[in-house]
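Here are some notes to read alongside the structure. Keep the 3D view open and look for each residue as it comes up.

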Amino acid sequence: QVQVAESGGGLVQAGDSLRLSCAASGWTAIIYAMGWFRQVPGKEREFVAAIGWSGENPVYAESVKGRFTISRDNAENAVLLQMNSLKPGDTGVYYCAAGRTQLTMDFYTEAHWFNFWGQGTQVTVSS
């Protein structure tokens, strides 16, 4: 089994930056990809970004391209999400997830391909 845990959420103003971290533990050798999703009340979970576990082939939602960067922290067995130029529309609970299936990264824009999920961290961007 794999456990993932998010950290780094908070309350910021529009235009600010925030960095989320997702630490993976347990049987990490089975991880193929990691991703970030976000959700607001009353809406479905929305894809944000994903990356191969070795740090390759990042993919992004159109709404965050050019503002968010996903990367692998090899020293910490973690994946980072650097969020710049934040907007109120970025507000939500951000979830980290790990997937174990060998797929091209475009599949990992869909939540059902991920096997292990964190509890989420709240990001609130005020205008």
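1. Let's begin with two cysteines. Cys 22 is buried, and Cys 96 is buried as well. A disulfide joins Cys 22 to Cys 96, with the sulfur atoms 1.9 Å apart. Please keep in mind that you are looking at a predicted model, and that the disulfide count here comes to one. Which parts of the chain does this pair link? Cys 22 lies in strand 3 and Cys 96 in strand 9, and these distant parts of the chain are 74 residues apart. If you look along the link between Cys 22 and Cys 96, the angle about the S-S bond is -80 degrees, which makes it left-handed.

2. How many of the eight residues of strand 9 are buried? The number is seven, so strand 9 counts as mostly covered because a residue is called buried when its relative accessible area is under 20%. Strand 9 pairs with strand 4 in the antiparallel sense, over seven bridges. As a landmark, find Trp 36, which stands opposite Cys 96 of strand 9.

3. With strand 11, the pairing is antiparallel over three bridges, and Gly 92 has Val 123 in strand 11 as its bridge partner. With strand 10, which covers residues 116–117, strand 9 pairs over two bridges, again in the antiparallel sense. Here you can pick out Ala 98 standing opposite Phe 116 of strand 10.

4. Next, go back to Cys 22 and look across to strand 8. The bridge partner of Cys 22 in strand 8 is Val 79, and strand 3 and strand 8 are paired antiparallel over six bridges. Strand 8 is also joined to strand 7 by six bridges, and these two run antiparallel. On that side, Phe 68 stands opposite Met 83 of strand 8. Strand 8 is mostly covered, with five of its six residues buried.

5. Two backbone angles deserve a look. In the hairpin of strand 7 and strand 8, four residues lie between the strands, and Asn 77 has a positive phi near 50 degrees, although Asn 77 is not a glycine. Is Asn 77 buried or partly exposed? Asn 77 is partly exposed, with a relative accessible area of 26%. Ser 85 also has a positive phi, near 50 degrees, and is a residue other than glycine. Look for Ser 85 in the loop between strand 8 and strand 9; Ser 85 is partly exposed, with a relative accessible area of 42%.

6. Now turn to the nonpolar core. The largest one has 38 residues, and the members that touch the most others are Met 34, Trp 36, Leu 81, Met 83 and Tyr 94. Several strands each supply at least two residues of this core, including strand 1 (2–7), strand 3 (18–26) and strand 11 (121–126). Which strand gives the largest share of the core? That is strand 5, with five residues.

7. Met 34 is found in strand 4 and is buried, with a relative accessible area of 0%. From Met 34 to Pro 88 the C-alpha atoms are 25 Å apart in space, and the two residues are 54 apart in sequence. Tyr 94, leaving aside residues up to four places away in sequence, touches a list of residues that includes Leu 20, Trp 36, Phe 68, Leu 81, Met 83 and Val 123.

8. Finally, enjoy the aromatic rings. A search of the whole structure finds seven aromatic pairs. One of them, Tyr 108 with Phe 114, is edge-to-face, at 5.0 Å centre to centre and 65 degrees between the planes. Both Tyr 108 and Phe 114 are buried. Ring pairs also link Tyr 32, Phe 37, Phe 47, Tyr 108, Phe 114 and Trp 117 into a cluster. Charges meet rings too: the charged end of Arg 45 sits over the ring of Tyr 95, 3.8 Å from its centre, and the charged end of Arg 72 sits over the ring of Trp 53, 3.6 Å from its centre.

Notes: Residues are numbered from 1 along each chain as its sequence is written. This is a predicted model: local features need pLDDT of at least 70, side-chain atom pairs count only at pLDDT 80 or more; totals for chains, interfaces and linings use all residues. Side-chain values use heavy atoms; hydrogens and water are left out. A nonpolar core is a set of buried Ala, Val, Leu, Ile, Met, Phe, Trp, Tyr and Cys residues joined through side-chain atoms within 4.5 Å. Buried means under 20% relative accessible area, exposed over 50%, partly exposed in between (1.4 Å probe, protein chains only). Contact means heavy atoms within 4.5 Å. Rings of Phe, Tyr and Trp (its six-membered ring) pair if their centres lie within 6.5 Å; planes under 30 degrees apart count as stacked, over 60 as edge-to-face and the rest as tilted. A charge sits over a ring if NZ of Lys or CZ of Arg is within 6 Å of the ring centre and within 35 degrees of the ring normal. A disulfide is a pair of cysteine sulfur atoms within 2.5 Å. Two strands pair if DSSP finds at least two bridges between them.
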